[in-house]
Amino acid sequence: MAPPGAVDTGVAGKGNDIKSVVPVSVMKLADTMADVPEKFIKAMGERPTVAYNDYCKEIPVISLKGINSSEAERARIVAEVGLACAEWGIFQVVDHGVPEDLMRRMMENSLAFFKLPLEEKLKHATKPGGFPVGYASGSHRSDDDILDWRELMVHRCLPQSVREQDINVWPESPETYRETLAEYSDNVDALVTALLGLISESLGLPTDYIKNAVGGEETEQKILANFYPQCPRPDLTLGLRSHTDYGTITVLQQEVGGLQAYKEDRDIWVTVEPIPGALVINLGDQIQILSNAKYCSVEHQAVVNSNETRLTLVVFANPNSMARMGPAPELVSEENPAKYRSFTFKDYLAICYAKQTKKHYDALAI
């Protein structure tokens, strides 16, 4: 998924290659435009209906403190996680073990990158073709007619073999960028492993079941930094259009509101409240499929506002490309037959795009 086609970046003498992969800087638009350009205006039914700071107090907040202190305490946490996965597909965790100082440093380094001159950011521009890695603005898809109000930077961080291959092209400014990103990657990966264990147990499966199913130590991780500038007309656009995540689970760090989840049984959008030190967890398509639809891959989007810029860090935990995915056989029976076909993860998006279903996992429905 490459960024949109040629749009004038305002960078003279950089050649057609850069113009072909990075659209105009949304940060520059925010500084110079009094209104939202037409290319960012969403269709009527896609515009936000709930404000960025109209927070929902019902979304579960789960403390992981004592996760290994006793069987009774772990059972309580497992039950809370299972209920959140079944009823919401999204929840927040506190006492999660990722150091707050590390979370702060990651935010500071990411913000410093986005504040670099556009010419510097363009040195890390994503290349056409395949999943985007690097810097983009407005979108990472070449076929987008309507853009999102954001800039983004994507890194491949795991497995270790991929990190060793990519780390030399990660930004060097600020000077602690690479070191901090690697440390953050490892800490969140440990949290993801713990969460997959809790989700496995909540389904009545062995603790390491999902981790092994998605590839064990060869699972993939991408870290995305999103920068959403203040927007003159937040009622007309989105920072990120509605979607479900195609991987296993996603971990998000935010300080300013904007993440919204769709509560399907109520037909409403709800805004996730930023809680200091908390991390937001949302389930991806592979958990819905593996659980045979007991748990839901939550549809979500990001809204923007005219008062504050918003920076988020998003960690995507995805199966290894060769992992064989599908409903867990232990969860399938004559009374509860498989609802999805099996597939290799590398084939998942190709199947979904060919079927052109709004929710990717519907393409695998039996």
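Visitor: In which loop is Ala 293 found?

Guide: This is a predicted model, in which local features need pLDDT of at least 70 and side-chain atom pairs count only at pLDDT 80 or more, while totals for chains, interfaces and linings use all residues. Residues are numbered from 1 along each chain as its sequence is written, and side-chain values use heavy atoms, with hydrogens and water left out. Helices (DSSP runs of H or I, at least four residues) and strands (runs of E, at least two) are numbered from the N terminus, and Ala 293 is found in the loop between α9 (285–290) and β12 (300–302).

Visitor: What is the phi of Ala 293, and is the residue buried, exposed or partly exposed?

Guide: Most residues other than glycine have a negative phi. Ala 293 is not a glycine, yet has a positive phi of about 70 degrees. Buried means under 20% relative accessible area, exposed over 50%, and partly exposed in between, with a 1.4 Å probe and protein chains only. With a relative accessible area of 35%, Ala 293 is partly exposed.

Visitor: Which loop holds Pro 159, and what is the omega of the cis peptide bond that joins Leu 158 and Pro 159?

Guide: Pro 159 is found in the loop between β5 (151–158) and α6 (160–166). Most peptide bonds are trans. The bond joining Leu 158 and Pro 159 is cis, and its omega is about 5 degrees.

Visitor: How is the aromatic pair of Phe 113 and Tyr 135 arranged?

Guide: Rings of Phe, Tyr and Trp (its six-membered ring) pair if their centres lie within 6.5 Å, and planes under 30 degrees apart count as stacked, over 60 as edge-to-face and the rest as tilted. By this rule the count comes to 9 aromatic pairs. In one of them, Phe 113 and Tyr 135 lie 6.3 Å apart, centre to centre, with 70 degrees between the planes, an arrangement that is edge-to-face.

Visitor: Where in the chain do Phe 113 and Tyr 135 lie, and how many residues apart are they?

Guide: Phe 113 is in helix α4 and Tyr 135 in strand β4 (residues 134–137), so the pair links distant parts of the chain. Phe 113 is buried at a relative accessible area of 1%, and Tyr 135 counts as buried at 0%.

Visitor: Over which ring does the charged end of Lys 263 sit?

Guide: A charge sits over a ring if NZ of Lys or CZ of Arg is within 6 Å of the ring centre and within 35 degrees of the ring normal. The charged end of Lys 263 is 4.7 Å from the centre of the ring it sits over, which belongs to Trp 88.
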